[in-house]
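This briefing is for a reader who is new to the structure shown below. Please look over the sequence and the model before reading on.

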Amino acid sequence: MTADTNSPAPLPRRAELPPDQCWDLESIFPTTEAFDRKLDEIDARLTELNRFRGTLGSSAAALADGLALRDELLAELDRLRSYGSLKGYEDSGDAERVALRDRSFAIHARGQAEAAFFEPEILAIDPATLDRWSDENDALRIYRHYFGALRRRASNIRSADVEALLAGADATFGAFYSTYQALTNNDMPIRSIQDAAGNRVALRPADRLRYTLHRNREVREAAWKAYADAFLGLRHTLAANYAGAVASSVFMARARGYAS
């Protein structure tokens, strides 16, 4: 058989790419060991937030100091989750990468739960007092917009204990999307197709658009049917997983008092 000149070469796997064509994760953490050290450090520091519990409304200084610590820790948690998420997406079939991603998600959820008391306590502060503090305290002035947005969401913010539970539930409910990704990117069998030159081509999720948008209609049709049939073959599992994801969204909407 001759090569199909109308088809691009199959996409290389990540391990085959030169470094300049990959994410520069070293700009976030130089090594996974550095990631591990930072995760352990932040995990140990999250309890520092407890010293502000019940005190945020006592003075402008207490609120400013509490927000500064909260935002410092949440920024580090976002950095950990960004690194872990991208590391997991490098190869979602690699157990070590996926485990690292899951650890970053877990510590992020714990941080959100530890900081859950902040917004209920801020909403308990008299608005006039909060506005005055924002005018008088330079460290709080940058939060004026945040405070206003918080007031608009007041009816959807629950007590500190409930907010902590909801923060933990977010991580649990995220498992539906992780399951979908693992199933469709790694475990879903997709049959090979015949390209325009008559060669058998193995399809991977990363190749989907390259063949479903192929200039040759027969190749497009074959690729589309192969992918559609693969999803149909798992329709009961995918439907059950999707139903769980919808149920989790309904739960969160009701828990926060949203109408839809």
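The model is predicted.

**Helix pair α8 and α12**

- Helix α8 spans residues 160-173 and helix α12 spans residues 235-256; their axes come within 11 Å and cross at roughly 170°.
- Because angles over 145 degrees count as roughly antiparallel, α8 is roughly antiparallel to α12.
- The crossing of α8 with α12 is left-handed.
- On the α8 side, Glu163, Leu166, Asp170 and Phe173 make the contact, while α12 brings Ser248, Phe251, Met252, Ala255 and Arg256.
- Of the residues in this contact, five are nonpolar, one is polar and three are charged.

**Largest pocket**

- The volume of the largest pocket is about 770 Å³.
- Its lining consists of 22 residues, and Arg13, Tyr89, Glu90, Asp91 and Ala206 lie nearest the centre.
- Helices α2 (60-90) and α9 (175-187) each supply at least two residues of this lining.
- By type, the lining of the largest pocket has 12 nonpolar, four polar and six charged residues.

**Second largest pocket**

- The second largest pocket holds about 630 Å³ of space.
- Around it are 29 lining residues, of which Arg81, His108, Gln112, Ala167 and Asp170 lie nearest the centre.
- Two or more residues of this lining come from each of α2, α3 (95-114), α8 and α9.
- Helix α3 gives the largest share, seven residues.
- The lining of the second largest pocket divides into 13 nonpolar, seven polar and nine charged residues.
- Asp170 belongs to the contact of α8 with α12 and is also among the residues nearest the centre of the second largest pocket.

Key:
Residues numbered from 1 in each chain as written. Predicted model: local features only at pLDDT ≥ 70, side-chain atom pairs only at ≥ 80, totals over all residues. Heavy atoms only, no water. Axes fitted to C-alpha atoms, helices over the stretch in contact; angles between N-to-C directions. Helix = DSSP H or I, 4+ residues; strand = E, 2+ residues; numbered from the N terminus. Parallel < 35°, antiparallel > 145°, perpendicular 65-115°, else oblique. Left-handed = near helix turned anticlockwise from the far one by under 90°. Contact = heavy atoms within 4.5 Å. Nonpolar A, V, L, I, M, F, W, Y, C, P; charged D, E, K, R; others polar. 1 Å grid on protein atoms, 1.4 Å probe; cavity = no way out; pocket = protein on both sides within 12 Å on 5 of 7 lines; lining within 4 Å. Points joined across faces, edges and corners; volume = space filled by probe spheres on them.
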